[in-house]
Amino acid sequence: MTETAPAATGHAEPPVPLRYHQLLRAGRPGAWRPVAGTVSLVAVMVVVVPLFWQLPFALWFLVRGEPVVAGMGRLIDLGDPTPAGLAYLNLTLASAIPVTWLLVRTVHGVRPRWLASVAPRIRWRWFATCLGLSLLALVATLLVSSFLPEVEQGTSMTGRLNDFTPTLRDFALVVLLLTPLQAAGEEYAFRGYLTQAFGGLFRHPAPAVLGPALLFALAHGAQSAPVFFDRFAFGVLAGLLVILTGGLEAGIAMHVTNNFLAFGVALAYGDMGSTLNPSGGSWWSLPVTLTQSLGYLVLVLLVARRRAVRTAAEPAELVASRGAV
């Protein structure tokens, strides 16, 4: 008896389950799409989104009777940031979430939920677990750093507790409310869309990890070699976690924890300007960085294996999500 070929659906169904970095391959064909999407992401985040968020702040200055031009100058001055300036920065970075959703839908024909994970959604229980594991890794990092020579972090510290002022209170509110969104926005851009874009262009997973990690480090502007390496290492670790766990949850959890720590220390003992623009730095930070990164990676992978965390999407799910089934 001869076998009959399955009915055509109008879409090429992926032959094997796809890992996170491969998901855009189930979208519309064309090697130009990841390139066009990457260029569009950079253009929108650098030009369109900042202008979009400057409008409500300009109106706020106008309503308060403050000079708009001077207020806007202070808003974008990250060397000496204000609470409004930090809020503006965080909102701009958080906007990467809807921007990447729009790109995968319009350019690739894939539903935005596939950016979160292979589930496809944010797996909130797994995210909460990763938050706890990131705190354990942070404790190990602090223990290791206590046995090393004093590490220069490239940030300014006063050595005493800062006075609690209205400005400090406003900074604390911005950090508490907007830092998780800012961290998630960066992860959706670099470990989400860019990881899938590089994964759509190259067969080997290495470019999907190293490419976004390099762009992540470069996106932070001028910096010393130790600070650059620290950010590049973070990007590599987060990229590995995305592929090995099938979603953004572990990367977002670690990013939120790191940013809360950095901003918290700045609010307590330093200043926000040096935290946003670190200079100097020391190679003695390398053991500290590796302890946190490798410790967190091992913890996450052990727990993920124990819980059988899903790391790939079935072809039928991807095709069905595009309306082909």
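In the predicted model, Arg-169 and Asp-170 form a salt bridge whose closest N and O atoms are 3.1 Å apart; the term denotes a side-chain nitrogen of Lys or Arg within 4 Å of a carboxyl oxygen of Asp or Glu. Arg-169 is partly exposed at 40% relative accessibility, and Asp-170 is likewise partly exposed, at 29%. Here buried means under 20% relative accessible area, exposed over 50%, and partly exposed in between (1.4 Å probe, protein chains only). Because the model is predicted, local features need pLDDT of at least 70 and side-chain atom pairs count only at pLDDT 80 or more, whereas totals for chains, interfaces and linings use all residues. Residues are numbered from 1 along each chain as its sequence is written, and side-chain values use heavy atoms, with hydrogens and water left out.

The whole structure contains 5 salt bridges. One of them joins Asp-80 to Arg-74, with 3.8 Å between the closest N and O atoms; Asp-80 has a relative accessible area of 44% and is partly exposed. In another, Glu-249 and Arg-123 approach to 2.8 Å between their closest N and O atoms. Glu-249 belongs to helix α9 (residues 249–269) and Arg-123 to the loop between α4 (96–106) and α5 (124–146), so this pair ties together parts that are 126 residues apart in sequence. Both Glu-249 and Arg-123 are buried. Helices (H or I, at least four residues) and strands (E, at least two) are DSSP runs, numbered from the N terminus.

Asp-170 also takes part in a helix contact, being among the residues of α6 that meet α3 (contact: heavy atoms within 4.5 Å). The axes of α3 (residues 83–94) and α6 (residues 166–201) come within 8 Å and cross at roughly 10 degrees, which makes α3 roughly parallel to α6 (an angle under 35 degrees). On the α3 side, the residues in contact include Leu-86 and Leu-91.

The structure holds 7 aromatic pairs, defined by ring centres of Phe, Tyr or Trp (its six-membered ring) within 6.5 Å; planes under 30 degrees apart count as stacked, over 60 as edge-to-face and the rest as tilted. Phe-52 and Trp-53 form an edge-to-face pair, 5.3 Å centre to centre with 80 degrees between the planes, and Phe-52 is exposed at 54%. The rings of Phe-190 and Phe-216 are also edge-to-face, with centres 5.3 Å apart and planes at 80 degrees. This pair links helix α6 with helix α7 (residues 206–218) across 26 residues. Phe-190 is buried at 14% relative accessible area, as is Phe-216 at 3%. Ring pairs link Phe-190, Phe-216 and Phe-234 into a cluster.

How values were computed:
Axes are lines fitted to C-alpha atoms, for helices over the stretch in contact, and angles run from 0 to 180 degrees between N-to-C directions. Angles under 35 degrees count as roughly parallel, over 145 as roughly antiparallel, 65 to 115 as roughly perpendicular and the rest as oblique.
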